[in-house]
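Welcome! Here is a short briefing to read alongside the sequence and the 3D view.

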Amino acid sequence: MAEDGEEKLLATVQHIVQTLGRTDTMTEDILKVFSNYDGRLSLDKLYATRAAAAAAAVGGPGERTVPASPPMPPPPVAPSAAVGMPPVTSLERTVRTLDRQISQFVAMDRLIWADSADADAFLEAVDDLIGTVQELDAAGTNRGLLDRADELLSRCMARLEDEFRALIERPDDAAPQVPGGFGSDESDEEDYDADDGFGDEPIPIAKPVSDFDVVIDALPPGSVSDVHQIARRMVDAGFGRECAEAYAAARRGFIDESVARLGIRSRTTEEVHSLPWEELEFDIARWIPAFKMVFRILIPSERRLCDRVFDGLAPYGDLAFVAAVRTQALQLISFGDAVAAASRAPERLFRVIDMYEAVRDLLPDLDPVFSDPYSAALRAEVSAVCSTLGSSIKGIFMELENLIRRDPARVAVPGGGIHPITRYVMNYLRAACGSRQTLEEVMEGDLGAVGAAAIAVDPDRPTSSLAVHIAWIMDVLHKNLETKSKIYRDPPLASIFLMNNGKYIIHKVNDSELGILLGDEWMKQMMSRVRRWSMEYQRGAWAKVMSVLQTGGPGVGSITAKAMLQKMQMFNSYLEEICASQSDWVITDEQLRADVKSTIVDSVMPAYRGLIGRLRSSPEAARDLFIKYTPEDVQARIQHLFEGVAK
């Protein structure tokens, strides 16, 4: 009785389907409704009943007679409907079977890949569905069935995408342990920056890394194999771009957090330009190791992972890689551009050189990482920021020249000592030559070859672009010092000022690579200037002293005793005047100070002794002779000159 009732139920359902199912799609929808309504109405039974009815309608084998007494006799069937629906094809049965299988997986409220058997079965069903869609598309005879299969494939791909992202984003697999790097949880290896703009929670700042020969394995081998299998199915189904986007979305969070842990905060160009130098210098100090970390470890590791996940699935691996790393790479690059375009104050030179060298040194390593057409633009961006930083270095040197020219001649340095502008420029250039090779590279304009091969530095090349530039700066400094020397009302003191600054320049040039850049000829000219300033000092300061010491020759009658006594008095007055004023003057270089004193002694003392000897040999003068300063006294007073106000 139960079987008879089930047959009647199936026959009634079949009648309803024949009456209302005007198209294949409508028929399938009606069958699904009944299969969900009653457990006895499984799709297999409904399909079998439908096939038997169709066969009976044409009198073929397997003909069955509908039960004589159905609960509700069907109305008369139109002649066109008596034939029934077309026979169910094997492709239809395949689609229905796959629909049932895949729907079960898609409806799961847990990860399919949590069970390897489920994952294998799901992938097998996906492979069958992809093959069926391709077969239907090639046949082109059943558009309705193809639409159904495509809709099922879309649902299937959506679930695969969810599984794909979940496998990549699993926290336990996405925390690589890099020494001092991105995945460390040890509190003693991290600082915290609560004002990095990444939310209320403090961002742990990773310690700098010095060894860049590190690869981050963001996923274990098993997970890589799983996501590769998913990626292959999505590409085969025509969803390669969606797969690449899903990969990028899943990995971007890891990359963003990794960069945040390096202490990098996002700043606009306007913010960079308005920052006080102390704060910007701090940002640069963090940017340099972060740039190295990202482009030497993080991005190459991401390329390696992409190549494994999308192995044999070009170009989707390249698309995924670029989409994953582009945002953070451009953030770092834009900061470099902003610094290069900011103020070119001379004190910024050394940090800009550090940035330039950091970018230049890693350019060759980027060629294999950014080798595909999609990421070539990123490689070009890195190269461009290197050129921009190089141009900024040139601009800073030009600004140094302008700073020297604009430095006003307002207040004289006490005692004719070394001017602050001289100290600043010489120590600045001396420190800059610590990066001589980089400066040679930049000044030669050889930026196109940067990273491929650093230019060779000739140890004896005073005509290089850098040497010419520095020689020009030295000339500007020399002219500025000559202008400043005119502030002194006493010409001998002006000569002392020029002598001091010239000697200081010579010392700084000899004590650094400036000597190599400027060359021997420049050094000879500078030393000649110092000697000339020394002679100008002696003529201006001691000329009247030497004139009063002249006695007109060895003959006694050449000058009267009274005149010689007057000369002695004048000498005493001049000596006291010189010692009173020039004891506050200073010659900073000990050797130069000793040389100047020695020259004065060699000029003055023989003439002074000669005058005393003439006076003593004259009976008339000897009677009134009073020697206020003995030759030893005069020499001692000369030796106390140029010690400066401090002494």
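Accessible areas here come from the Shrake-Rupley method with a 1.4 Å probe, and for residues only the protein chains shown count as cover. By that method the accessible surface of the protein comes to about 31,200 Å², and 52% of it belongs to carbon and sulfur atoms. Please keep in mind that this is a predicted model: local features need pLDDT of at least 70, side-chain atom pairs count only at pLDDT 80 or more, and totals for chains, interfaces and linings use all residues. Residues are numbered from 1 along each chain as its sequence is written, and side-chain values use heavy atoms, with hydrogens and water left out.

**The overall picture**

- The protein has 23 helices and 2 strands; these are DSSP runs numbered from the N terminus, with helices (H or I) of at least four residues and strands (E) of at least two.
- Of the 647 residues, 47% count as buried, where buried means under 20% relative accessible area, exposed over 50% and partly exposed in between (1.4 Å probe, protein chains only).
- Contact means heavy atoms within 4.5 Å. Among contacts with a separation of 6 or more, 77% come from residues 24 or more positions apart.

- Helix 11 covers residues 277-309, which is 33 residues, and reaches 44 Å from its first C-alpha to its last, close to the 48 Å expected at 1.5 Å a residue. That expected span is 1.5 Å times one less than the number of residues.
- Helix 11 bends by about 35 degrees at valine 294; the bend is the angle between axes fitted to the seven residues ending there and the seven starting there.
- Proline 315 is found in the loop between helix 11 and helix 12, and a cis peptide bond with omega of about 5 degrees joins alanine 314 to this proline.

**Rings and charges**

- The structure holds 14 aromatic pairs. Rings of Phe, Tyr and Trp (its six-membered ring) pair if their centres lie within 6.5 Å; planes under 30 degrees apart count as stacked, over 60 as edge-to-face and the rest as tilted.
- One of the pairs is edge-to-face: tyrosine 247 and phenylalanine 310 lie 5.7 Å centre to centre, with 80 degrees between the planes. This pair links distant parts of the chain, 63 residues apart, with tyrosine 247 in helix 9 and phenylalanine 310 in the loop between helix 11 and helix 12.
- Tyrosine 247 is buried at a relative accessible area of 0%, and phenylalanine 310 is buried at 4%.
- Ring pairs also link Trp287, Phe291, Phe295 and Phe335 into a cluster.
- A charge sits over a ring if NZ of Lys or CZ of Arg is within 6 Å of the ring centre and within 35 degrees of the ring normal. Arginine 303 has its charged end over the ring of phenylalanine 321, 4.1 Å from the centre, and arginine 423 has its charged end over the ring of tyrosine 504, 5.4 Å from the centre.

- Leucine 514 is found in helix 19 (residues 514-548) and is buried, with a relative accessible area of 0%.
- Not counting residues up to four places away in sequence, leucine 514 touches several residues, including Met426, Leu429 and Ile470. The C-alpha atoms of leucine 514 and arginine 430 are separated by 6.7 Å, though the two are 84 residues apart along the chain.
- Phenylalanine 642 is in the segment after helix 23, has a positive phi near 65 degrees, and is buried at 0% relative accessible area.
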